[in-house]
Amino acid sequence: VQEFWGELPGQSIAFQQHTQQPVYDLRIGVRYAFDESAYLGFRGLASAGNGIFLRIDDLEPIPVTMPDTGTWDQFETAVVETGPLAPGNHVFRLESTQENSVRNIDCFFLFNGNESLIPLPLRSTVSAQSDNGRWLLVTTPDVRLTMPPSEIFLSFDRIWNSYEPWFGWTPPKPVRIHIITEHRWDNPGATAYQNQWGVFFRAEPFATEQGNWVHEMTHMFYVAHFPGWFDESSVRALTALVWMPRLYGAGREEAKGWLADGRSILADPSHSIDAPELLWATIAARYGPDVFSRFFHECRKAGEKNEIDFTPGRHLTKTEIVTLMSRAAEENVRPLFERWTGFAEVE
């Protein structure tokens, strides 16, 4: 389907289906997505709400209602009743009849009976939502979950409940947990990732990837407060030093290794630090891993006092990070930061 399908009258998508006997209760599902506000902002045009019809053979076209789904990649299903069909070949054609009837069309499917029988991942991108408002489970249509949604939500509630007091803040709710089948995975360089749309995991290994769960949820709790040089390296450090040992009793030897590296650097003042991960290991070795929790609380308090701009999306400066980490450590940590060879180059 071309980009912005449906903007022009006469655009259509067609498929054929053969029926061997009369069909009386056939229904068609059209899986689609539409972001009204994004389309209005990009094109400066409002979408026509009643400009899409389904035509079966040469019969009268049937209007298809496709309301806003919120984003271009959150899919819902519009269901159309076909009426009785005789045996033979039939052409099903989705047509745009008015300008600006744009929709993102994903697929069609035919079914009998109640739409509640359609598998949830096929019926809607949002397969489930938690009762506490924290989570939306977003899946590709062919996903086969190895954990039921209720268990996924409980697992991520455990992470949230640990992170909230540790950070002193939470990300905006709901967080979208995306579970994507391997052949649809669009980021071959990553085993998981996070962005403003939520946290993303591959479906097949999902149930055993707790390291990825806590890693990406740390990014989610950062709420774009921190610059790149701090972001990924500190998330790796927190995953190894705090989350995996405390939440899952795993990776304790790895945590010991991080702290041993930090102690080696502390023992030799001439030892430069050649990676930010080693800087965090050194800080954790000197002040304990909970210094990061105290640092995050200092960030929040400084924002509340208007000492810094703590608006989500605005990155703290290098000076602000050093100042607030010094408060958390109760002494000036700038000499440790300056031992990192990349410190002078970062903003």
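The following legends describe close-up views of a predicted model.

Local features require pLDDT of at least 70 and side-chain atom pairs pLDDT 80 or more, whereas totals for chains, interfaces and linings use all residues. Residues are numbered from 1 along each chain as its sequence is written, and side-chain values use heavy atoms, with hydrogens and water left out.

**View 1. Packing of helix 5 against helix 7.**
Helices (H or I, at least four residues) and strands (E, at least two) are DSSP runs, numbered from the N terminus. Helix 5 (residues 228-248) and helix 7 (residues 276-287) have axes 9 Å apart, at an angle of about 50°. Helix 5 is therefore oblique to helix 7. Axes are lines fitted to C-alpha atoms, for helices over the stretch in contact, and angles run from 0 to 180 degrees between N-to-C directions. Angles under 35 degrees count as roughly parallel, over 145 as roughly antiparallel, 65 to 115 as roughly perpendicular and the rest as oblique. The crossing of helix 5 past helix 7 is right-handed; a crossing is right-handed if the near helix is turned clockwise from the far one by less than a right angle, and left-handed if anticlockwise. Helix 5 contributes Trp229, Phe230, Ser233, Ser234, Arg236, Ala237 and Leu241 to the contact, and helix 7 contributes Pro276, Glu277, Trp280 and Ala284 (contact means heavy atoms within 4.5 Å). By class, these residues comprise 7 nonpolar, 2 polar and 2 charged. Ala, Val, Leu, Ile, Met, Phe, Trp, Tyr, Cys and Pro count as nonpolar, Asp, Glu, Lys and Arg as charged, and the others, Gly among them, as polar.

Apart from neighbours within four places in sequence, serine 234 is in contact with Tyr222 and Trp280.

**View 2. Packing of helix 6 against helix 7.**
The axes of helix 6 (residues 252-267) and helix 7 come within 7 Å and cross at roughly 85°. The two helices are therefore roughly perpendicular to each other. From helix 6, Trp258, Leu259, Asp261, Gly262, Arg263, Ile265 and Leu266 meet Glu277, Leu278, Ala281, Thr282, Ala284, Ala285 and Arg286 of helix 7. The residues of this contact divide into 8 nonpolar, 2 polar and 4 charged.

**View 3. Packing of helix 5 against helix 6.**
The axes of helix 5 and helix 6 lie 9 Å apart at an angle of about 135°, and the helices are therefore oblique to each other. Their crossing is left-handed. Arg236, Ala237, Ala240, Leu241 and Pro245 of helix 5 meet Arg252, Glu254, Ala255, Trp258 and Leu259 of helix 6. This contact has 7 nonpolar, no polar and 3 charged residues.

**View 4. Threonine 181 in the loop between strand 10 (175-180) and strand 11 (192-195).**
With 5% relative accessibility, threonine 181 is buried. Its side chain makes a polar contact with the side chain of aspartate 142 at 3.2 Å. A polar contact is a pair of N or O atoms within 3.5 Å; within protein, one must be able to donate a hydrogen and the other to accept it, and residues adjacent in sequence count only if both atoms are side-chain atoms. Not counting residues up to four places away in sequence, threonine 181 touches Thr140, Asp142, Val143, Ala203 and Glu204.

**View 5. Tryptophan 185 in the loop between strand 10 and strand 11.**
Tryptophan 185 is buried, with a relative accessible area of 11%. A polar atom of its side chain lies 3.0 Å from the backbone oxygen of alanine 190. Leaving aside neighbours within four places in sequence, the contacts of tryptophan 185 include Ile180, Tyr193, Phe200, Phe201 and Arg202.

**View 6. Backbone geometry at proline 174 and aspartate 57.**
Most residues other than glycine have a negative phi, and most peptide bonds are trans. Lysine 173 and proline 174 are joined by a cis peptide bond, with omega about -5°; proline 174 lies in the loop between helix 3 (149-167) and strand 10. Aspartate 57, in the loop between strand 3 (52-56) and strand 4 (62-63), has a positive phi near 55°. At 28% relative accessibility, aspartate 57 is partly exposed.

Key:
Buried < 20%, exposed > 50% of the residue type's maximum accessible area, 1.4 Å probe, protein only.
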